Amino acid sequence: MSVFDEKFNRETKLKRKISYSLRCKLNDMFERFKDDIITREFRATMATDPKKAIKNLKGSLGEESTLNFDSGSSMDYTHPWICQQYMLRYTMAYAFEYYVMYLIALRQLNEPTAKAYSFGCGSGVDCLSLAYAKLKLGYDNEVSYRGIDLKDWAEKFDLHQLSEIDAEYYVDKEEGMLAFLKKDPAYTPNILFFPKLLSELDDETVTSFCKLLKDLKSEELIVCVSYRGPETMSEDLKKACPIITALEEKYEREEFNGLDEIYDIFNILGSNERQLSLTDEDNGIFKFIGDNRGTKYSKIDGHFTIPQDIWEYIGVPGISDICANANSINDCQTCYLNDQCPHSAIANVDSMCFQIIHLKRRHE
């Protein structure tokens, strides 16, 4: 076997291992979630009285809890049931989006090593995405990752199992992302990653974070911001703009390179239509567009496959097993209880949008 074939086989096995880790985590979480007494009681009551089911659910989790994960407010991710529900709904969608973002980020870097810092890293799923992006691109340089969160999530990935990446996960219950320069002072990141975080930040935190950025020693920076969706992006941009403006006091923007290579990865199998597009070049806004929105991830990348039992339980058509009033995702989304009730899994390329800015330090 040639050296090339050996490398190809080794990388293929590693890709499968990373995506397999993703599915194994979901399967394990799913088994505990469906057997939880909160889940069992919720399903039983939903069949006869949805209002009562949601009222009881709120009582189980605490009356102050909201189950509308789209609201932008911070949830109690230290609560196992809430964390499991959230991750079962979003993990595949977010893992795929972050994978796309890291593909673009790695392709831009000129420095010999990639050093990512993830703010509000949650379960650490974006670290798996980074590892997969590295292998997908054949990125031979060293890659490291530091993730920080305000809360110690009830469910996390074991980042130390990723042999492809030097990874660390920090929890700071007092300062959260404001402690990032203290946790590892010698670590000089060149990728700043914000995974669905900005909607949860207040203006005071954003202002304090911007002040910290003056102490960054990085020569090059790729700023990656994942937004909740096109509908709320203008609102979340108000949090991102001060951060980017603060960085531009010392850094200037660089043009993107190698995007055609990235675009080619996301041509749907059997189709020539471009799925990913840089829709706002001035602001680095990327979106998934075209008639093929709604395509399953597995049609773009075969390793992103939601386990069938999870798909049937909280996806299509399994939503009807949770609620007697819903026979489809559409029924669930238009329900008058939609803003209070747990939602079905996101399993298709749909409303993804994100921002990437490439910066290089100015030297007067």
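The following exercises, with worked solutions, concern a predicted model.

**Exercise 1.** Classify the ring pair of Tyr 86 and Tyr 90, and state how far apart the two residues are in helix H4.

*Solution.*
Step 1. A pair of aromatic rings is described by the distance of the centres and the angle of the planes.
Step 2. For Tyr 86 and Tyr 90, the ring centres are 4.8 Å apart and the planes stand at 45°.
Step 3. Planes under 30 degrees apart count as stacked and those over 60 as edge-to-face, so this pair is tilted.
Step 4. Tyr 86 and Tyr 90 are four residues apart in helix H4 (residues 80-108), and therefore about one helical turn separates them.

**Exercise 2.** Classify the ring pair of Tyr 90 and Tyr 94, and decide whether each residue is buried or exposed.

*Solution.*
Step 1. The centres of the rings of Tyr 90 and Tyr 94 lie 4.9 Å apart, with 15° between the planes.
Step 2. This aromatic pair is stacked.
Step 3. Buried means under 20% relative accessible area.
Step 4. Tyr 90 has a relative accessible area of 3%, so Tyr 90 is buried.
Step 5. Tyr 94 has a value of 15% and is therefore buried.

**Exercise 3.** Describe the lining of the largest cavity.

*Solution.*
Step 1. The largest cavity holds about 60 Å³ of space.
Step 2. Its lining residues include Ile 18, Ala 95, Tyr 132 and Phe 304.
Step 3. Helix H1 (3-35) and helix H5 (125-137) each give two or more residues to this lining, and the largest share, four residues, comes from H5.
Step 4. By type, the lining has seven nonpolar residues, two polar and no charged.

Key. Residues are numbered from 1 along each chain as its sequence is written. This is a predicted model: local features need pLDDT of at least 70, side-chain atom pairs count only at pLDDT 80 or more; totals for chains, interfaces and linings use all residues. Side-chain values use heavy atoms; hydrogens and water are left out. On a 1 Å grid over the protein atoms alone, a cavity is a set of points where a 1.4 Å probe fits but cannot get out, and a pocket is an open set with protein on both sides within 12 Å along at least five of seven lines; lining residues have an atom within 4 Å of a point. Grid points are joined across faces, edges and corners, and a volume is the space filled by probe spheres set on the points. Ala, Val, Leu, Ile, Met, Phe, Trp, Tyr, Cys and Pro count as nonpolar, Asp, Glu, Lys and Arg as charged, and the others, Gly among them, as polar. Rings of Phe, Tyr and Trp (its six-membered ring) pair if their centres lie within 6.5 Å; planes under 30 degrees apart count as stacked, over 60 as edge-to-face and the rest as tilted. Buried means under 20% relative accessible area, exposed over 50%, partly exposed in between (1.4 Å probe, protein chains only).
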